[in-house]
Amino acid sequence: MLIVPSADRPDVFAVNVFRVRPEHQRPLVECIRDAGDPAGIAGLLSMHLLCSEDGTQVTNFMHWAGKDALDAATARNPVIKATRTAIRRFVEGPEPYQVVDVKRR
């Protein structure tokens, strides 16, 4: 998971990029969707699922109220724990990333 802080604000963005076989892309998206309503996760402001056109990646882009909210949810939230376990059957990776440059307005 790549965590990108906002400039001069407490909120953070968390990005998960999952590498999958094309036949697993749609099932992975459904697995994430079926995990539960993101509105019920404290501190999660928004979540966007993106699919590559070639079928080999799913990106989960999440906006959190802050690093503490993200840490609390990933440590204790049963929806997130169950999703992490379930997605392993579809994911090829993980592929680690690091932030090399951030440009802000």
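Helices (H or I, at least four residues) and strands (E, at least two) are DSSP runs, numbered from the N terminus. This is a predicted model, in which local features need pLDDT of at least 70 and side-chain atom pairs count only at pLDDT 80 or more, while totals for chains, interfaces and linings use all residues. Residues are numbered from 1 along each chain as its sequence is written, and side-chain values use heavy atoms, with hydrogens and water left out.

**Figure 1. Overall fold of the protein.** Three helices and four strands make up the secondary structure, in the sequence order β-β-α-β-β-α-α. Of the 105 residues, 31% are buried (buried is under 20% relative accessible area, exposed over 50%, partly exposed in between; 1.4 Å probe, protein chains only). The protein exposes about 6900 Å², with carbon and sulfur atoms supplying 53% of it (Shrake-Rupley method, 1.4 Å probe; for residues, only the protein chains shown count as cover). Among contacts (heavy atoms within 4.5 Å) between residues at least 6 apart in sequence, 62% join residues at least 24 apart.

Figure 2. Thr83 lies in helix 3, residues 78-87. Its relative accessibility is 14%, so Thr83 counts as buried. Not counting residues up to four places away in sequence, Thr83 touches Ile32 and Ala35.

Figure 3. Beyond its neighbours within four places in sequence, Gly43 is in contact with His63, Trp64, Ala65 and Ala69. Gly43 and His63 are 20 residues apart in sequence, with a C-alpha to C-alpha separation of 8.7 Å.

**Figure 4. Salt bridges of the structure.** There are three salt bridges (a side-chain nitrogen of Lys or Arg within 4 Å of a carboxyl oxygen of Asp or Glu). Arg9 pairs with Asp11, the closest N and O atoms being 2.6 Å apart; Asp11 is buried at 7% relative accessibility. Arg33 and Glu30 meet at 3.0 Å, N to O. These two are three residues apart in helix 1, so about one helical turn separates Arg33 from Glu30. In helix 2, Asp71 and Lys67 are four residues apart, about one turn of the helix, and their closest N and O atoms are 2.8 Å apart. Asp71, at 34% relative accessibility, is partly exposed, and Lys67 is partly exposed at 36%.
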